Amino acid sequence: MKDVVVIGSGKIGATIARLLADTGDYHVTVVDRSAQHLAEIESGPAHSTAKLDITDEAALAAQLSGKFAVLSAAPFQLTVAIATAAARAGVHYLDLTEDVESTRQVKRIAKTARIAFIPQCGLAPGFISIVASDLARKFDSLESVRLRVGALPQFPSNALNYNLTWSTDGVINEYIQPCEAIVNGELVEVPALEEREEFSLDGVTYEAFNTSGGLGTLCETLKGKVNTLNYRTIRYPGHAAIMKALLHDLGLRHRRGVFKDILEHALPTTLQDVVIVFVTVSGRRSGRLIQETYANKIYSTEIGGRITSAIQVTTASSICAVLDLLADGKIPAQGFIRQEDIKLDAFLQNRFGVYYEQGEATKGRGATVAA
C-alpha cells in the first residue's frame, strides 16, 4: 500500500479519501485543522486522520515525511504552503486549485524539485484540459478551442438557478479574478462574468460566461498555435446578471467574507446535481476546416453505499485517476506536469476515470462537421 495524505476534510477531500482507501492500494491520512470535520471522516484500516494547522510548514512537512504523495483539497489560499511543504518533504504533490497565481507559484517550486508537481487535477481545470488536448491533437492546425463546464442543480428552485455544490471560496474567486484567453492569436486577460452566450443541449437552454482558472496551463501550451481559446462556466439563464449586480453594483467583490456568508446561509447544498462538459475544437485537417466536439453529462451516483454528488464524483475521481497514473509510472514522476500532457484514453481506462464514462454518454465525442 502507498501512503498518501489528503489535505482538507470537506466534501471533496472526504470523497477522495473514500475512493482511494476502498481500493486497498492506498492508506490515506486526512489532515485538517478542524477536529469537527475530521470526526465525520470514515474510519477503517486504510483510513486515519490528523489534526494540524496547515499554515505550520514545519509541522506539515513532518506529517508528509515518508509518504508517497499529498493531495490538496484545501482552499486555494493554502496551495502554496502545501506545495512548499511537499517539496521540503520530498513527496509528490497534486492539487485541485483553479487559482492562476497559485499555480504559477507551484510551477516555480517544481523547477528544483525531484518529485512530481501536478496542479489543477480536478474537473476544470483538469479533465477539461485533457479532453481539449486530445481533440486538438487530431488537427494539422488549430482555429479555435472552446471549453464549457458547469456543475448545476438538476432541479433549480431559486432566482440564481443555483445550489452550492462546490467550494464557496472557489466560486467567488472564479467570478472575480481576470480570465486568461487567446483572442486573435494573442494571450490576453478578459473580465469574469462577461462575454455571455447561450446554447442548447438536449433541449435545455444554458448560458455561459467567462470565469477564471478553467483553462489551467492551456493558454501557455497553445499560445502561437490557435487563434481563439477560451473557457466559460455553464449556468442556467439569469445567473450571470444577478451575480454581476451583487458583485459589482453592490460591491460585494470587495467584501468576500460577507458575500460568502450570504451564499452559505441562503443557498442550500444538493446532491441532485449534474456536471456538463462541452468542448468544441475546430481546425484544418488535410486542408479542410473540421470541427470536433466532446459533450457529456455526469449525474450524482452511489459510491460505497452513499449518494455522492456529480461535482464530488468528477472532481475526486479526476485527482485519484492522476494519482493512479503517477503510481503506475504512466506519467513522469519529476517536475511540473500539465494536465494536457495526460492522455485521455489512459485517463478514461483508469478505475477512477471510468466515472466519466458513466455519464449520459459521450455522444458528442468524435462527432465531426466539415465546413
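Two strands pair if DSSP finds at least two bridges between them. In this predicted model, Val6 stands opposite Leu71 in strand 4.

- Strand 1 (residues 2-7) runs parallel to strand 2 (residues 26-32), and six bridges join the two.
- On the way from strand 1 to strand 2, the chain passes through helix 1 (residues 11-21), and this β-α-β crossover is right-handed.
- Among the partners across these two strands, Lys2 is bridged to Tyr26 of strand 2, and Val5 is bridged to Thr29 of strand 2.
- Strand 1 also runs parallel to strand 4 (residues 69-72), to which it is joined by four bridges.

**Aromatic pairs**

- The structure holds nine aromatic pairs, including the two described here.
- One of them is formed by Phe127 and Phe347, whose ring centres are 5.3 Å apart; their planes stand at 40°, so the pair is tilted.
- Phe127 belongs to helix 6 (residues 127-136) and Phe347 to helix 12 (residues 344-349), so this pair ties together parts that are 220 residues apart in sequence.
- Both Phe127 and Phe347 are buried.
- Another pair consists of Tyr175 and Phe209, with ring centres 5.9 Å apart and planes at 65°; the pair is edge-to-face because planes over 60 degrees apart count as such.
- Since Tyr175 lies in helix 7 (residues 168-176) and Phe209 in strand 11 (residues 204-210), the pair ties together parts that are 34 residues apart in sequence.
- Tyr175 has 1% relative accessibility and therefore counts as buried, while Phe209, at 0% relative accessibility, counts as buried too.
- Phe127 and Phe347 also belong to a cluster, in which ring pairs link them with Tyr294 and Tyr356.

**Charges over rings**

- Lys107 places its charged end over the ring of Phe336, at 5.6 Å from the ring centre.
- Arg285 has its charged end over the ring of Phe139, at 5.0 Å from the ring centre.

**The largest pocket**

- The volume of the largest pocket is about 1,200 Å³.
- Its lining comprises 47 residues, of which Ser9, Gly10, Lys11, Ile12 and Ala73 are the closest to the centre of the pocket.
- Helix 1 gives the most to this lining, supplying seven residues.
- Among the elements that each supply at least two residues of the lining are helix 1, strand 2 and helix 7.
- Helix 10 (256-266), strand 16 (306-308) and helix 11 (310-327) likewise each supply at least two residues of the lining.

Note on methods. Residues numbered from 1 in each chain as written. Predicted model: local features only at pLDDT ≥ 70, side-chain atom pairs only at ≥ 80, totals over all residues. Heavy atoms only, no water. Right-handed = clockwise from strand over helix to strand, strands pointing away. Phe/Tyr/Trp six-rings, centres within 6.5 Å; stacked < 30°, edge-to-face > 60°. Buried < 20%, exposed > 50% of the residue type's maximum accessible area, 1.4 Å probe, protein only. Lys NZ or Arg CZ within 6 Å of the ring centre and 35° of its normal. 1 Å grid on protein atoms, 1.4 Å probe; cavity = no way out; pocket = protein on both sides within 12 Å on 5 of 7 lines; lining within 4 Å. Points joined across faces, edges and corners; volume = space filled by probe spheres on them.
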